[in-house]
Amino acid sequence: MADTTTQQRPLMGWDKPDLDLSNAQWQSSGRGLGDVQIAFVEGFIAMRNSRCPESPSLIFTPAEWGAFVSGAREGEFDLT
């Protein structure tokens with residue numbers, strides 16, 4: 001069986017920088033009960049799983065974050 005290499009290409013329309021999150025100041029929810037942490041880095045919002053911080057983070061623009069939070073408040077997302 002031959003070895004194959006898959007090259008990963010950026011997603012179409014992906015215009016976000018590769019942020020350095022190593023020094024980010026992560027914040028938990030207001031009560032500290034959630035599994036999600038966020039950090040504000042270079043004008044973007046990063047979100048990660050607090051139980052597995054080494055896993056990839058989601059990166060939002062301010063507009064995307066606003067839409068995400070609005071949808072969550074309306075029950076569009078299950079954040080538990």
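Q: What makes β2 and β3 a pair of strands?
A: In this predicted model, 6 bridges join β2 to β3. Pairing needs at least two bridges, so β2 and β3 count as paired. The two strands run antiparallel.

Q: How many residues lie between β2 and β3 in the hairpin?
A: The hairpin has 2 residues between its strands. E42 sits in that turn.

Q: Why is E42 called exposed?
A: E42 has a relative accessible area of 61%. Exposed means over 50%, so E42 is exposed. E42 belongs to the loop between β2 and β3.

Q: What makes β1 and β2 a pair?
A: 2 bridges join β1, residues 27–28, to β2. The cut-off is at least two bridges, so β1 and β2 pair. They run antiparallel. Here S28 has Q37 of β2 as its bridge partner.

Q: Why is Q37 called buried?
A: The relative accessible area of Q37 is 13%. Buried means under 20%, so Q37 is buried. Q37 is part of strand β2, residues 36–41.

Q: What makes the link between the side chains of Q37 and R48 a polar contact?
A: The distance is 2.8 Å. The limit for a pair of N or O atoms is 3.5 Å, so the link between Q37 and R48 qualifies.

Q: Which residues is Q37 in contact with, leaving aside neighbours within four places in sequence?
A: They are W26, Q27, S28, A46, M47, R48 and S50.

Q: Which residues make up the largest nonpolar core?
A: This core has 8 residues: L19, A24, W26, A39, V41, F44, A46 and I59. β2 and β3 are the elements that give two or more residues to it. There is also a second, separate core of 6 residues, including I38, I45, W65 and F68.

Q: What does A46 touch, not counting residues up to four places away in sequence?
A: A46 touches L21, W26, Q37, I38, A39, L58 and I59.

Q: How do you know that R51 and D35 form a salt bridge?
A: Their closest N and O atoms are 2.9 Å apart. A salt bridge needs a separation within 4 Å, so R51 and D35 meet the cut-off. The pair links distant parts of the chain, 16 residues apart. R51 lies in the loop between β3 and β4, and D35 in the loop between β1 and β2. The structure holds 1 salt bridge.

Q: In what order do the elements run from the N terminus on?
A: The order is β-β-β-β-α. That is 1 helix and 4 strands in the chain.

Q: What share of the chain is buried?
A: Buried residues make up 25% of the 80 residues. The chain exposes about 6700 Å², and carbon and sulfur atoms supply 50% of that area.

Definitions and conventions:
Residues numbered from 1 in each chain as written. Predicted model: local features only at pLDDT ≥ 70, side-chain atom pairs only at ≥ 80, totals over all residues. Heavy atoms only, no water. Buried < 20%, exposed > 50% of the residue type's maximum accessible area, 1.4 Å probe, protein only. Polar contact = N/O pair within 3.5 Å; in protein donor to acceptor, adjacent residues only side chain to side chain. Contact = heavy atoms within 4.5 Å. Core = buried A, V, L, I, M, F, W, Y, C linked by side-chain atoms within 4.5 Å. Salt bridge = Lys/Arg side-chain N within 4 Å of Asp/Glu carboxyl O. Areas by Shrake-Rupley, 256 points an atom, 1.4 Å probe, with all protein chains shown as cover.
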